[in-house]
Protein chains: 2
Amino acid sequence: MTDCNKDCAASECAMELYERLTAQGDRVRTLKTDKAAKNEIDEAVKLLLQLKETYKKVTGQDYKSGSPPSEVTSTSGNGPTATTEDDDVVDPWTVATSNAKGIDYDKLIVRFGSSKIDQELIDRIERVTGQRPHHFLRRGIFFSHRDMHQILDAYENKKSFYLYTGRGPSSESMHVGHLIPFIFTKWLQEVFDVPLVIQLTDDEKYLWKDLKIEECYRFAIENCKDIIACGFDVNKTFIFSDLEYMGESPGFYKNVVKIQKHVTFNQVKGIFGFTDSDCIGKISFPAIQAAPSFSSSFPQIFNGRKDIQSLIPCAIDQDPYFRMTRDVAPRIGHSKPALFHSTFFPALQGAQTKMSASDPNSSIFLTDTAKQIKNKINKHAFSGGKDTIEEHRKFGGNTDVDVSFMYLTFFLEDDEKLEQIRKDYSSGALLTGELKKYLIDILQPLIAAHQERRKQVLTCAAPAAKPDRKKSSFDGLTSVLPYRNCWIH
Amino acid sequence: MTDCNKDCAASECAMELYERLTAQGDRVRTLKTDKAAKNEIDEAVKLLLQLKETYKKVTGQDYKSGSPPSEVTSTSGNGPTATTEDDDVVDPWTVATSNAKGIDYDKLIVRFGSSKIDQELIDRIERVTGQRPHHFLRRGIFFSHRDMHQILDAYENKKSFYLYTGRGPSSESMHVGHLIPFIFTKWLQEVFDVPLVIQLTDDEKYLWKDLKIEECYRFAIENCKDIIACGFDVNKTFIFSDLEYMGESPGFYKNVVKIQKHVTFNQVKGIFGFTDSDCIGKISFPAIQAAPSFSSSFPQIFNGRKDIQSLIPCAIDQDPYFRMTRDVAPRIGHSKPALFHSTFFPALQGAQTKMSASDPNSSIFLTDTAKQIKNKINKHAFSGGKDTIEEHRKFGGNTDVDVSFMYLTFFLEDDEKLEQIRKDYSSGALLTGELKKYLIDILQPLIAAHQERRKQVLTCAAPAAKPDRKKSSFDGLTSVLPYRNCWIH
């Protein structure tokens, strides 16, 4: 598949859209044939409709299966770029764009009303922590924030905060993209030396997916092991399943009810697009994702203190939850959570969508073998290279759309090496196979090491027992041993 | 706004009425939210009902919020009697009628689709339990049921059930009307020898009223003492506050989420009249009142068994919650709760409305002194007597609207005595003052005895501690010591 560069003719763009539309149509049919979960089908249909709309804007014609665009009747001089602005769809359930480079994040900052992570902020984090900023910051992978200067002001005045992040356990296996917020959160915990809470929204997955409650809980346990394997500070980290913790903490439920009292259906309809046909569980769920933003949801950690601010590292698609939370916070006597937003980790097939845990070839899973990793990257990673070696040597590759290069920006820590690869690939000196080999050589040991750590995670002898929360003093707060006593020994 | 003259075009009339009705509906809601004086609310409700009646006359249709009159199908020749049928408003937040005798309960049975408690059922209960039926059954105070024959069939086959009732703790003090379901539930527990769970919906009161969460919880504790003073079986009764128990029982929360997944906003809108402006807490609350209908919400009592049916004695206005519950139950693998519905306990001022905890003169409170009881009954109890003694002696009094007589049907257990009073009052032999004295002589010792038992209720030394659930074997199930270790010693 060719990529859609600015200088490509509109007709090429149309052809590419046509191919994507055909593929998406096939996908919808397959999902329906396989009797996939309703919301999975709905999402696929939604993307299909968006693609059709974009196709019509670009070509001036309706998409017809089996009839490729013969001619571009592009509407009164508007090139494809004119439509880019409204193409991106970003909410907690759908991330879609027709741009091969991915979502336009600068526009998202404007739309969401957050702040760009600029050099000034990055420099300040370096000054305050005395540590070199993580490459996710240096490379704009975490690109947007809310109230980070407030967090740093307070931190400089010896006022602590805590970290909150989470995961929706929709299946047993996680992919490398799921690691991004955890890798960054681990770094934040190390450099700021603060407590961390990690929410596993197994209740959300039960509400949204065609799964049994026991399955969602089991996925939470399995995902928890992967999260533990990331290596957070054992004395400062609390990982919990909603289905379990709601029934263990009156403080948590009280905050949920407080939030639920201060948000109307009109508001969640506006923020999340809920309709009258949605179940009341979905409608009230945002309060459950909001509640861990408030320290009083964890009296066992914060000794009942209400005044400790949270900092939430998450992918930007989760921001709607926290815009709502920030709106409610002052009305129930809590401080607004601060946020760090990341870009999305691209699927192997390209940056148009997030990875999907349901398509094994769209991602590198944390359970993949070295051989699977190699094959997937070689076979499925979308390439920015040219069709022939001769052309590639002559014109060079395009790192803006090359998925292997994008993955290197996430996982190759050495800035100089990355820059060298970028130059060599762009000039044509480096071939696609060589670029892919760099990535394979990084991901194989990284995932093998993760698997090794995961093996060492202890599981409780008595799964139904309550966690033994051994308290340890920390920075005027107390922290607890993590969720269910599972930890690396 | 002009008024609706006879000669205005019928369609204009209908639209104007529709708008006035909508405005008046809003006004009633505002008055309730603002806790306006009871008579102010009553007047507003009265006007609302009158407008509805007129609306129906003009349009031939029932008024429906959000559905303006499309077409006028009026109506010439229809008298007002045609509309009386739908005057009664009965839902968990409003009970209103323009009939001095109170709600038409036979019509309610038809509207709600429940079954009348007939002599056959009463006789069967007597046969099965070997006990004389409670006077609430004999006198039609509990008048409607769902699936009681199923409960009795199972009971005769040695299959047990449990009782579930509740209270919304909207203030510190309860009135005698609040005792009705508890008195009947106590009788049921005694004659069937079954476990009982009592839910205090402090979360509901927080969501609906302008109260702090701590106040609602405190009301729950205070109301709990009154409930305990009713004298339930200490080894078979579990009383809980939602705000507390939700955070103590993963089994309870799991059922809440299961119910929330299977009820849409459209459904709760239809059942409870919620709107888009309601907070998401109200919208999802019905699942919380539904959850105790399922035995798996109490694994500590029922050893995790899912198959024990519940029987819910409650006032008929709570039925919408349980219609919803019965609809959901089979879809989540539970049996439908059975129900016993009671009529409403009338306010001192008359049977048009329920008593109000916010108007001290509308009710006899459980905290009232003997003197207050006497004064309230003599001064405020609506009389069915005639204006002068002469007229009364000549024409007799009307027991159908006399509130003191109604109260006697609740609290005077002796059937013969009650019948004698009815005859004597109707004939004029008994004067209003004499009738009132019968009631005073019954209520004064009844309430004094309640106060004495309430004083003996123990309160925990450490209110924040979890209840010490001492298990005791019961009928193949296990039961627990009640809520917070509070009990009569």
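F405(A), L408(A) and T409(A) of α20(A) touch L418(A), I421(A) and R422(A) of α21(A); contact means heavy atoms within 4.5 Å. By class, this contact has four nonpolar, one polar and one charged residues. Here Ala, Val, Leu, Ile, Met, Phe, Trp, Tyr, Cys and Pro count as nonpolar, Asp, Glu, Lys and Arg as charged, and the others, Gly among them, as polar.

This is a predicted model: local features need pLDDT of at least 70, side-chain atom pairs count only at pLDDT 80 or more, and totals for chains, interfaces and linings use all residues. Residues are numbered from 1 along each chain as its sequence is written, chains are lettered from A and ligands numbered from 1 in the order in which they are written, and side-chain values use heavy atoms, leaving out hydrogens and water.

**Chain overview**
- Chain A has 22 helices and 13 strands; these are DSSP runs numbered from the N terminus, H or I of at least four residues for helices and E of at least two for strands.
- Of the 489 residues in chain A, 56% are buried. Buried means under 20% relative accessible area, exposed over 50%, and partly exposed in between, with a 1.4 Å probe and protein chains only.
- Take the contacts in chain A between residues at least 6 apart in sequence: 75% of them join residues at least 24 apart.

**Helices α20 and α21**
- The axes of α20(A) (residues 403-411) and α21(A) (residues 415-427) come within 10 Å and cross at roughly 170 degrees. Therefore α20(A) is roughly antiparallel to α21(A).
- Axes are lines fitted to C-alpha atoms, for helices over the stretch in contact, and angles run from 0 to 180 degrees between N-to-C directions.
- Angles under 35 degrees count as roughly parallel, over 145 as roughly antiparallel, 65 to 115 as roughly perpendicular and the rest as oblique.
- The crossing of α20(A) and α21(A) is left-handed: the near helix is turned anticlockwise from the far one by less than a right angle.

**Helices α5 and α7**
- α5(A) (residues 119-129) and α7(A) (residues 148-156) pack at about 20 degrees, with axes 11 Å apart. So α5(A) runs roughly parallel to α7(A).
- This crossing of α5(A) and α7(A) is left-handed.
- The contact includes L121(A) and I125(A) of α5(A), and L152(A) and Y155(A) of α7(A).
- Its residues divide into six nonpolar, one polar and four charged.

**Cysteines**
- The structure holds zero disulfides over all chains; a disulfide is a pair of cysteine sulfur atoms within 2.5 Å.
- The closest cysteine sulfur to that of C216(A) is in C279(A), 12 Å away, so too far for a bond.
- C216(A) is buried, at 0% relative accessible area. C224(A) is also buried, at 1%.
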